[in-house]
Amino acid sequence: MTPQPTPASQSPSDPQPAEAPQPASPPPPRPDRTAEVIETVFRMESPRIIAGVARVVRDVGIAEELAQDALVAALEQWPRDGVPDNPGAWLMSTARHRAVDLVRRRENYARKLAEIGRDLSETAPPQEPADLDDIDDDLLRLVFTACHPVLSTEARTALTLRLLGGLTTTEIARAFLVPEPTVAQRIVRAKRTLATKNVAFEVPHGPDREARLGSVLDVIYLIFNEGYAATAGDDWLRPSLCEDALRLARVLSGLMPKEPEVHGLTALLELQASRTAARTGPSGEPVLLKDQNRSRWNRMLIARGFTALGRAEATSGGAPGPYLLQAAIAACHAHAYTYEETDWSRIATLYGLLAARSPSPVVELNRAVAVSMSEGPAAALVLVDALAGDPTLRDYHLLPSVRGDLLARLGRTPEARAEFERAASLTRNERERELLLRRAAEQP
């Protein structure tokens, strides 16, 4: 039983304080707790810090090193002096001061000052610009630099996760199931390439902007897809990659509010991510769309996806782009409370528009799946067989997987079994292989 305070009238001998006691100051965080705070703050703020410093030194590799220097300084000082009121600004200020010192030590400091056009030592950390589409937005510059077409797709992906996602080399290697030295080499080479090619730290404008933006969106989508349906390994899903990609897409939507394809990608990722909990069973096995428990779909993410799709449609002045179309397809699934209620005819039409906008045999394969549901498996099998000779699909496991499903629905079970077995031999994901072999064994 909790003791109750005794009223003062019942204990006159107890001395009464003349003044109310002042609350004690909260103790400073324990050193181990401070380290956790520093790590969390740095992961959240590092993209902006690197972007702000890169504008000074014009080199993302050096900018990242200076941001790491600021992190080391925080690890040394904050446990002793306490966490600053604005830890992000402290890190930014420390990194930028080190950048200024570095520039001053260079022989061409005067030329650098002329380029930058102001005394850097007296420049405050950059504020969030009033116009998020303005070229002075450092974070947006960093996005376009990390995803520059001069880099390979693998390099762009690793550098984006490193600089913008705040992931360590170890985390990136683990996510993509590649050796850590390989990821480290990709990042080092990417930074070196950006420096040797004199890639400008800027937001592209004019005709170059659309092409460069496409590269950025493709990198984010690639990261998401690797988490949504892993190409290799023992796990069907890698949710952390989906979360990283979704976070990057949301940031980009805030930075580029007038770009319909940015909102389209964000809507697509929100809607796809909403199904995550239902896509695997208790043992981590894949659960196909028609078998998913839709009550487990995340309604908050679906609502966010619909909102982003609305923004994409509102800002689109012409024909819808590929990400807006894919988001519209995902919305058809999200609107259906059961698999049978899905508007497959509309999905097939949208895939037709997508194929016209961005021709691809994979898009045609997906259209065939929708046609199989709206017109029947026989009509779809004609479309799939027409893709069989496409060299880009020669080793694509989903081609025999889809064909096996169509053959099974047509009662051609021996052929279906052979297609499922072939698909199982092509996939590099162990969970997907087990699913395909199970489907092969189910054919009588």
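Start at helix 6, which passes helix 7 in a right-handed crossing. The model on screen is a predicted one.

Select residues 153-163 for helix 6 and residues 169-176 for helix 7. Their axes come within 10 Å and cross at roughly 135 degrees. Angles over 145 degrees would count as roughly antiparallel and 65 to 115 as roughly perpendicular, so helix 6 and helix 7 are oblique to each other.

Next, show the side chains where the two helices meet. From helix 6, pick Thr 157, Ala 158, Leu 161 and Arg 162; from helix 7, pick Thr 169, Ile 172 and Phe 176. Coloured by type, the residues of this contact come out as 4 nonpolar, 2 polar and 1 charged.

Stay on helix 6 and select Thr 160, which has its place there. Is Thr 160 buried or exposed? Its relative accessible area is 2%, and the cut-off for buried is under 20%, so Thr 160 is buried. Beyond its neighbours within four places in sequence, Thr 160 has contacts with Ala 146, Cys 147, Gly 165, Val 219, Ile 223 and Leu 248.

Now move to Ile 220. Setting aside residues up to four places away in sequence, Ile 220 touches Ala 245, Leu 248, Ala 249, Leu 252, Leu 265 and Leu 269.

How values were computed. Residues are numbered from 1 along each chain as its sequence is written. This is a predicted model: local features need pLDDT of at least 70, side-chain atom pairs count only at pLDDT 80 or more; totals for chains, interfaces and linings use all residues. Side-chain values use heavy atoms; hydrogens and water are left out. Axes are lines fitted to C-alpha atoms, for helices over the stretch in contact, and angles run from 0 to 180 degrees between N-to-C directions. Helices (H or I, at least four residues) and strands (E, at least two) are DSSP runs, numbered from the N terminus. Angles under 35 degrees count as roughly parallel, over 145 as roughly antiparallel, 65 to 115 as roughly perpendicular and the rest as oblique. A crossing is left-handed if the near helix is turned anticlockwise from the far one by less than a right angle, and right-handed if clockwise. Contact means heavy atoms within 4.5 Å. Ala, Val, Leu, Ile, Met, Phe, Trp, Tyr, Cys and Pro count as nonpolar, Asp, Glu, Lys and Arg as charged, and the others, Gly among them, as polar. Buried means under 20% relative accessible area, exposed over 50%, partly exposed in between (1.4 Å probe, protein chains only).
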